[in-house]
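Reader: I am new to this structure. Please walk me through the terms as they come up.

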Amino acid sequence: MAIDRFPVEASHIMMFARSVADANPIYYDEDYAAATEPGRIIAPPTFAQSSAQFDPDYFLRPKIGEPWFGSGKEATGIKRDRSGGGGGGGGGGGLHAEQHFEYHRHIGPGDVLSATVKPGKTWEKQSKRAGKLVFSETVTEYRDQNGELVITARGVGVRTERPVDQ
């Protein structure tokens, strides 16, 4: 994911907080937020993840007129490649295993973020039930309108060599 421009708006913060059922008034009430340590409305901890909607190539973002990756097993017409030609090989699968956020400062309304992605570490482990597990880390750096690093996000994905034995 590479995002050139992700404007952070108060209404987006409020809607994101509502979507994750977080009623903390620091996410929407200016008077309340002014009396807190940050002194202003701030975004919830995982808010930066919503920047994916500003990336036209983000694979989970539906595209009009095209099959998209839904939440069910092949629910939308996209077929998984089980031929062994992927990162973990074999007929296995993959999943998002971990997500970590390191905050260098709060983000809030008026910030304009950009995000760059770079590869992190990779490692392997052997599994009794799924064969070789290949772990790969992706590091996303979010910078503000002044080029200052505000959030470092690390995601870990894992691919299995074969489907998990039942």
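Author: The chain has two helices and five strands. Read along the sequence, they follow the pattern β-α-α-β-β-β-β. This is a predicted model: local features need pLDDT of at least 70, side-chain atom pairs count only at pLDDT 80 or more, and totals for chains, interfaces and linings use all residues. Residues are numbered from 1 along each chain as its sequence is written, and side-chain values use heavy atoms, with hydrogens and water left out.

Reader: What makes a run a helix or a strand here?

Author: Both are DSSP runs, numbered from the N terminus: helices are H or I with at least four residues, strands are E with at least two. α1 spans 10-19 and α2 spans 30-34.

Reader: Why is A21 called exposed?

Author: Exposed means over 50% relative accessible area, buried under 20%, and partly exposed in between (1.4 Å probe, protein chains only). A21 has 71% relative accessibility, so A21 counts as exposed. A21 is found in the loop between α1 and α2.

Reader: Which residues of α1 are buried?

Author: I13, F16 and A17 are the buried residues of α1.

Reader: How do you know that they are on the same side of α1?

Author: They cover an arc of only 100° around the axis, which puts them on the same side of α1. The arc is that of the directions from the helix axis to the C-beta atoms. The face turned away from the buried side carries the exposed residues R18 and S19.

Reader: What makes a set of residues a nonpolar core?

Author: The members are buried Ala, Val, Leu, Ile, Met, Phe, Trp, Tyr and Cys residues, joined through side-chain atoms within 4.5 Å. The largest such core has 21 residues, and I13, F47, I107, L113 and Y142 have the most contacts inside it. β1 (3-7), α1, β3 (112-127) and β5 (149-160) each supply at least two residues of this core. A second, separate core of five residues includes A130, L133, V156 and V158.

Reader: Which residues is I13 in contact with, leaving aside its neighbours within four places in sequence?

Author: Contact means heavy atoms within 4.5 Å. Among the partners of I13 are V8, Y27, I41, F47 and P109.

Reader: How many of the 166 residues count as buried?

Author: The share that counts as buried is 31%.
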